[in-house]
Amino acid sequence: MKLIFFGARLLLFLSIQRICLGQALPDLVVSAEDWGRSDVTIAPALARQSDSCRIYVRVHNNGESEAANVRVKVVVQQPSTPDPWTAEFRVDALPGQSSIVETMQFRPKHNGVHQVAVSIDPEDAVRETDENNNTATLAFPVVRREVFI
């Protein structure tokens, strides 16, 4: 019993030593749960059909080490359209405890409620502390473009 207990304590000690020796991981995060502090935003907030709007995506690295060559995929599902609009960008380097904002131009073809989905590291190529906080989805309205004569 004492030998098994000692072995478990030794294993725990070695695990703690590995963490202390600088083998920390990045933690890539994107969130859209709170509209006021969302990492995915649309400008203007009320987009108009056929007018250009901007999609802002903030990518966080809440981990202790740098993340490199991170792929970010953005997909907008428009109503009445089976094929979504997609865009991608790469973050070359994102130090631990930092964030970066990227902007994309999007021109909605239809009015109605659109869904934008952001996925950081969709292939899980970057080893990180938490793989469950890499996606965010946001619904946003697009109103009909009115023509005044």
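Over which residues does pLDDT stay under 50?

**Figure 1. Confidence along the chain of the predicted model.** The stretch in question is residues 1-20, where pLDDT stays under 50 and where the model has one contact beyond four places in sequence. Where pLDDT is low, the predicted coordinates should not be read in detail. For the protein chain, the mean pLDDT is 87, and 83% of the residues reach 70 or more.

**Figure 2. The largest nonpolar core, which holds 29 residues.** The members that touch the most other members are Val 57, Val 70, Val 72, Phe 89 and Val 116. At least two core residues come from each of strands S2 (40-43), S4 (53-61), S5 (67-77), S6 (85-94), S7 (98-106), S8 (112-120) and S9 (135-143). Strand S5 gives the most, with five residues.

**Figure 3. Surroundings of Phe 89, one of the core residues that touch the most other members.** With residues up to four places away in sequence not counted, Phe 89 touches Val 57, Val 59, Val 70, Arg 71, Val 72, Val 74, Glu 102 and Met 104. Of these neighbours, Val 57, Val 70 and Val 72 are also listed among the core members that touch the most others.

**Figure 4. An open sheet of five strands with mixed pairing.** The strands follow the order S3-S9-S8-S5-S6. Strand S3 (47-48) and strand S6 are at the edges with a single partner strand each, so one side of each has no neighbour in the sheet.

Figure 5. S5 and S6 run antiparallel and are joined by nine bridges. Within this pairing, Ala 67 has Leu 94 of S6 as its bridge partner, and Val 70 stands opposite Val 91 in S6. S5 also pairs with S8 in the antiparallel sense, over six bridges. Here the bridge partner of Val 72 is Ile 120 in S8.

**Figure 6. Asn 61, a residue of strand S4.** Is Asn 61 buried or exposed? Its relative accessibility is 0%, so Asn 61 counts as buried. Leaving aside neighbours within four places in sequence, Asn 61 is in contact with Pro 26, Asp 27 and Leu 28, with Glu 66 and Ala 67, and with Leu 94, Pro 95, Gly 96, Gln 97 and Ser 98. Two of these contacts, Ala 67 and Leu 94, are themselves bridge partners.

**Figure 7. An aromatic cluster formed by Trp 85, Phe 106 and Phe 140.** A search of the whole structure gives two aromatic pairs. Phe 106 and Phe 140 make an edge-to-face pair, with 6.5 Å from centre to centre and 85° between the planes. This pair links distant parts of the chain, as Phe 106 belongs to strand S7 and Phe 140 to strand S9, 34 residues apart. Phe 106 has a relative accessible area of 1% and is therefore buried. Phe 140 is likewise buried, with a relative accessible area of 1%.

Figure 8. Which residues does Arg 107 touch, not counting residues up to four places away in sequence? They are Ser 50, Asp 51 and Ser 52. Arg 107 and Asp 51 are 56 residues apart in sequence, while their C-alpha atoms are 5.7 Å apart in space. A polar atom of the Arg 107 side chain lies 2.9 Å from the backbone oxygen of Ser 50.

Figure 9. Most residues other than glycine have a negative phi, and most peptide bonds are trans. The peptide bond from Ala 43 to Pro 44 is cis, with omega near 0°, and Pro 44 is in the loop between S2 and S3. Gln 97, which is not a glycine, has a positive phi of about 60°. This residue lies in the loop between S6 and S7 and, at 52% relative accessibility, counts as exposed. Asp 124 is not a glycine either and has a positive phi of about 55°. Its place is in the loop between S8 and S9, and with a relative accessible area of 46% Asp 124 is partly exposed.

Methods: Residues numbered from 1 in each chain as written. Predicted model: local features only at pLDDT ≥ 70, side-chain atom pairs only at ≥ 80, totals over all residues. Heavy atoms only, no water. Core = buried A, V, L, I, M, F, W, Y, C linked by side-chain atoms within 4.5 Å. Buried < 20%, exposed > 50% of the residue type's maximum accessible area, 1.4 Å probe, protein only. Helix = DSSP H or I, 4+ residues; strand = E, 2+ residues; numbered from the N terminus. Contact = heavy atoms within 4.5 Å. pLDDT = per-residue confidence, 0-100. Pairing = 2+ DSSP bridges. Phe/Tyr/Trp six-rings, centres within 6.5 Å; stacked < 30°, edge-to-face > 60°. Polar contact = N/O pair within 3.5 Å; in protein donor to acceptor, adjacent residues only side chain to side chain.
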